[in-house]
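Please have the structure open while reading the points below.

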Amino acid sequence: MTLSDSTSPSLQQLICSNKFGSFFGVTRETLDKVWSRLTDPSRNSVIYISMEIGADPDVYNPVRDFLVENDLTFSSDPALQSLLDKYIQGPQKIPNYSGGLGILAGDTLKSLADTHVPVAGISLLYREGYFSQLVDFKVGQIDHATFWKPAVTPTLFPLHEPGQPGTPLEISVPFFNGSEKETEINARVWVKLETSGSMDYFVPEFLLDYNLPSAPEWAREASKQLYSAKSNIIKANQRRLLGSGVLPLMQKLGLTARTIHLNEQHGVVVTLHLMLREIKARLGSDYAELLTDKDIKDIADKVAEQLVYTIHTPVKAGHDRFARSLYDQISGKVDRKILNLLANDEDSPDEYNFTALAMQVNRTVNSVSRLHRDVTRRQFPRFADKINAITNGVHLTTWASKNRSRVFDSSQLLNGWRDDPGVFSHARLHTDSGFRQQLLTAWQEDNRKLTEHINNMLIQHRIQMAETWIEPPNYLSYLKDDGFLEPGVFTIGFARRFSTYKRADLIFDDIDALAELLVAGNWRVNFIFAGKAHPSDEPGKSVLKLILNNQEELFTKSKGMARLVFIPGYDMAIAKMMVSGCHAWLNSPKRPLEASGTSGMKAAMNGVPNVSVMDGWWVEGYHNGKTGWKFGYEGPVAEADMSETPDSLLYEEDSLSFYQLFPEVLRTFYAQPDQFLDIAINNLHLNVPIFNTHRMVAEYVRKYELQLDRETEERLERFRKLYQSEM
Ligand SMILES: *Cc1c(COP(=O)(O)O)cnc(C)c1O
């Protein structure tokens, strides 16, 4: 159907503009409503700062879905047609994330949009993304820059100077660099609209783009690639680009938020700027000379009232430290005084510790699960009183597969599930035989889709082998007739960043034992792995290589019953296909280093059971075995358990525990399919209402201390009732 514009006013209404630019996918009324709340003098809104935001349009884009479902794909207006093309055919990836932290940020902002909370996100735009991963059988991971085009990517728009279309909006950001004199660097600003599911609200994410010809080389270098670790100075500069850009951006756009939420400490430099502003106001032009330690402490207490801080990991590498000698060169005198007082590293006096600064200057600290709260309190005993748990969640409609969503849509019991994950908790899903059958069929289809995707990939890799120097990463690609997967075979997935504490190779610690148990039970199993190791994480890359190296041995020793496949280029789309297409989701970190973990929650949203170490969210999501299985060490956690050294990673003990458990999982799947389906439905029933970002943001909004209208407040209160993390 082709709709002319006169018969589709709704399409025309989806183009709107304000003084900063034109946008697509929200009506003027919505645009004005959101913008006026973010710029209101009452300051009743929130700025959410994150180094990374993962929200690829290919896995979730309500505007595109609306266009496609309503057949609104053609227009006689060329301007409108180019927007339709952009949304429907444009590149669907925004590679500005590395893993769980960024995707959590994206899921959070989507739920804030769905629940109508006035929030704006701020992050950086990385022209080279994170990195693209090729995998070669002999070499392992090969990483290269990702080039992408923000201008043609749906949901993204460049801002222009107020009232001047064609002139890109620029903000001036102050920096110290090698001298006591401040210099200003310009950044352009993009906005990504995170539109609510029903397109009646949105949360803007402002992405600062420092990659301008006018910018000095150091700023361009630091803005190119997320978590670039080419040098410590680049790393420090990347944090500065984020934290220093916040106040100038707020000023330029007129954003008035009183509360600033730091998603991890990467953006904590904003705290220095908030303090500096206050110092200047209090002490006048001679502030640098007059400033005393007492002033700093007083002002830190005052600024703390504005900050909410979420800490995401007990792993030391996740907390930024910079040598004082290095950081002093890129700071002003006042910054140095503040850092000296508030960013001490207890283990290493020569470094500034940015986690220490974030820990100190805030009104509340949130950890990302109950176990992580206990660990964080132990790691930071001075702040134990203000450290609370808000257990992570995932955005339900982003992560439920199309097939599963269709089943949820058609069930009377789940009426309204897209707006309220709570409906899963009071539904009598178990006894509805129609629902059971439909869910099973959808699961089988998702498994077939995953299997097909992998088989196509194996063929592609063979072609690649003939045409390039890259050796296919999978042993199966080298087999002639038998080198494929079959749908319906028990499929267990593992995909996440390849950090050593996540122990991707744990279950291959004793291949003989694993192969033996499969042969003994006559159980076929497909093991599907994916994930990227940070380019400078050599131990992480070794683990990835080990997975590849295990494939042939496992295949041979299990007489072909076990097939281990690695999918290169892990991203959100692959994640969604895997969490819905597998029969079980494996999580094998060293307890208690996985503070939360979210991929397992994505599996749960599809009813897929977890097979997991008792760490992070699974301590809360396990429900005495009703929703899946546990293995490995689960005793008390001591200081020594925080270690990541190879000999403290408990491979032998925890893998043995897995081999003892695994037959039970397989027996249930192959011999008691009804019981397996019960476990799946228990996940929907018990875990969907808890581990979703609607409930999570409802808990955060209480910390934000906003005045909200009654309707919004009631909606949030309903979600809060689903679960209380702080128990
Ligand atoms: C969900 C997700 C992650 C995080 O997984 P964890 O289990 O939290 O480690 C990482 N990468 C991608 C692409 C994801 O979708």
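This is a predicted model: local features need pLDDT of at least 70, side-chain atom pairs count only at pLDDT 80 or more; totals for chains, interfaces and linings use all residues.

Leaving aside residues up to four places away in sequence, Gln 551 touches Phe 137, Pro 473, Asn 474, Tyr 475, Leu 564 and Val 565.

**Gln 551**
- Gln 551 belongs to helix H19, which covers residues 538–557.
- Because its relative accessibility is 2%, and the cut-off for a buried residue is under 20%, Gln 551 counts as buried.

**Ligand surroundings**
- The ligand is surrounded by 14 residues, of which the closest are Ile 103, Lys 502, Thr 598, Ser 599 and Lys 602.
- Ser 599 places a polar side-chain atom 2.5 Å from an oxygen atom of the ligand, and for Lys 602 an N or O atom in the side chain is 2.6 Å from an oxygen atom of the ligand.
- Arg 496 also has a polar side-chain atom facing this comparison, at 3.3 Å from an oxygen atom of the ligand.

**Cavities**
- The model contains 4 cavities of 30 Å³ or more, and the largest cavity holds about 60 Å³ of space.
- The lining of the largest cavity consists of Ile 53, Ala 55, Ile 94, Asn 96, Ser 123, Leu 124, Lys 192, Glu 205 and Leu 207, with strand S4 (119–124) and strand S10 (202–209) as the elements that give two or more residues to it.
- Sorted by class, this lining has 5 nonpolar, 2 polar and 2 charged residues.

Note on methods
Residues are numbered from 1 along each chain as its sequence is written. Side-chain values use heavy atoms; hydrogens and water are left out. On a 1 Å grid over the protein atoms alone, a cavity is a set of points where a 1.4 Å probe fits but cannot get out, and a pocket is an open set with protein on both sides within 12 Å along at least five of seven lines; lining residues have an atom within 4 Å of a point. Grid points are joined across faces, edges and corners, and a volume is the space filled by probe spheres set on the points. Helices (H or I, at least four residues) and strands (E, at least two) are DSSP runs, numbered from the N terminus. Ala, Val, Leu, Ile, Met, Phe, Trp, Tyr, Cys and Pro count as nonpolar, Asp, Glu, Lys and Arg as charged, and the others, Gly among them, as polar. Buried means under 20% relative accessible area, exposed over 50%, partly exposed in between (1.4 Å probe, protein chains only). Contact means heavy atoms within 4.5 Å. A residue is near a molecule or strand if one of its heavy atoms lies within 4 Å of it. A polar contact is a pair of N or O atoms within 3.5 Å; within protein, one must be able to donate a hydrogen and the other to accept it, and residues adjacent in sequence count only if both atoms are side-chain atoms.
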